[in-house]
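Let's take a walk through a protein model together. Keep the picture open as you read, and look up each spot as we come to it.

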Amino acid sequence: MKMLSTTMLATSLVLSSAVMASTSNGIKLDVNSHAGDQAVVKVTQDGQPLANYPVEIKGFGPKTRMTDDNGQIVVSNVAGSGMNYVFTVQDQQGNTISEDAYLANKRR
């Protein structure tokens with residue numbers, strides 16, 4: 001019984017380490033929408049900006065944009081009314097990180 005408990009404990013520690021390693025890849029997605037009808041999206045890895053990194057945008061039609069040299073993109077709400085936008089990045093392992101922001105009506 002003690003051998004079984006030790007084996008189960010060791011297995012759970014290995015599995016939890018693998019899960020943490022696959023999700024803690026250092027990529028961070030920050031969305032700042034304080035401007036009302038615009039969002040500034042910043043993608044970093046281990047604190048450094050990720051230039052030319054694809055960001056999927058779902059809002060007024062889905063599209064993908066690449067970050068600039070500072071790891072940023074600026075998105076404006078072009079819809080006739082306020083709407084929710086979802087920003088998603090994917091790491092090399094296929095893990096995705098998403099953040100959403102409500103962008104107000106630009107034509108107020």
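Predicted model: local features only at pLDDT ≥ 70, side-chain atom pairs only at ≥ 80, totals over all residues.

D46 sits in the loop between β2 and β3, the latter covering residues 48-49. Is D46 buried or exposed? D46 counts as exposed because its relative accessible area is 63%, and the cut-off for that label is over 50%.

Now hop to the next loop. N52 lies between β3 and β4, with β4 spanning 54-58. N52 also has a positive phi, near 55 degrees, and again the residue is something other than glycine. With 52% relative accessibility, N52 counts as exposed.

Back to the D46 area for a moment, to see what it meets. G26 is in contact with T44, Q45 and D46, once you set aside its neighbours within four places in sequence. You'll find G26 in the loop between α1 (2-23) and β1 (27-32). At 26% relative accessibility, G26 is partly exposed. Here's another distance to look at: the C-alpha atoms of G26 and D91 are 9.4 Å apart, while 65 residues separate the two along the chain.

T44 belongs to strand β2, which runs over residues 38-45. Which label does T44 get, buried or exposed? T44 is buried, because its relative accessible area is 9% and buried means under 20%. Leaving out residues up to four places away in sequence, T44 touches G26, I27, K28, P49 and L50.

Time to zoom out. How many helices and strands does the chain have? There is 1 helix, along with 8 strands, and going along the sequence you read α-β-β-β-β-β-β-β-β. Be careful with the stretch at residues 2-23, though: pLDDT stays under 50 there, and the model gives that stretch 3 contacts beyond four places in sequence. For the chain as a whole, the mean pLDDT is 78, and 75% of the residues reach 70 or more.

Some of those strands line up into an open sheet of 4, in the order β5-β4-β7-β8, with antiparallel pairing. β5 (63-66) and β8 stand at the edges with a single partner strand each, so one side of each has no neighbour in the sheet. On average, neighbouring strands in this sheet are turned by 25 degrees against each other, ignoring direction.

You can follow the pairings one at a time. β4 and β5 run antiparallel and are joined by 4 bridges; P54, for instance, has M66 in β5 as its bridge partner. At the other end of the order, 8 bridges join β7 (residues 83-90) to β8 (residues 96-103), also antiparallel. β7 and β8 make a hairpin with 5 residues between them, and G94 in the turn has a positive phi of about 95 degrees.

So what's on the inside? The largest nonpolar core has 16 residues, and V43, V55, I57, V75, F87 and V89 touch the most other members. β1, β2, β4, β6 (72-76), β7 and β8 each supply at least two residues of this core.

F87 is buried, with a relative accessible area of 0%. Not counting residues up to four places away in sequence, its contacts include L29, V31, A39, V41, V55, I57, V75, I97 and A101.

Let's finish with the chain as a whole. Of its 108 residues, 24% are buried. And among contacts between residues at least 6 apart in sequence, 46% join residues that are at least 24 apart.

Note on methods:
Residues numbered from 1 in each chain as written. Heavy atoms only, no water. Buried < 20%, exposed > 50% of the residue type's maximum accessible area, 1.4 Å probe, protein only. Contact = heavy atoms within 4.5 Å. Pairing = 2+ DSSP bridges. Core = buried A, V, L, I, M, F, W, Y, C linked by side-chain atoms within 4.5 Å. Axes fitted to C-alpha atoms, helices over the stretch in contact; angles between N-to-C directions. pLDDT = per-residue confidence, 0-100.
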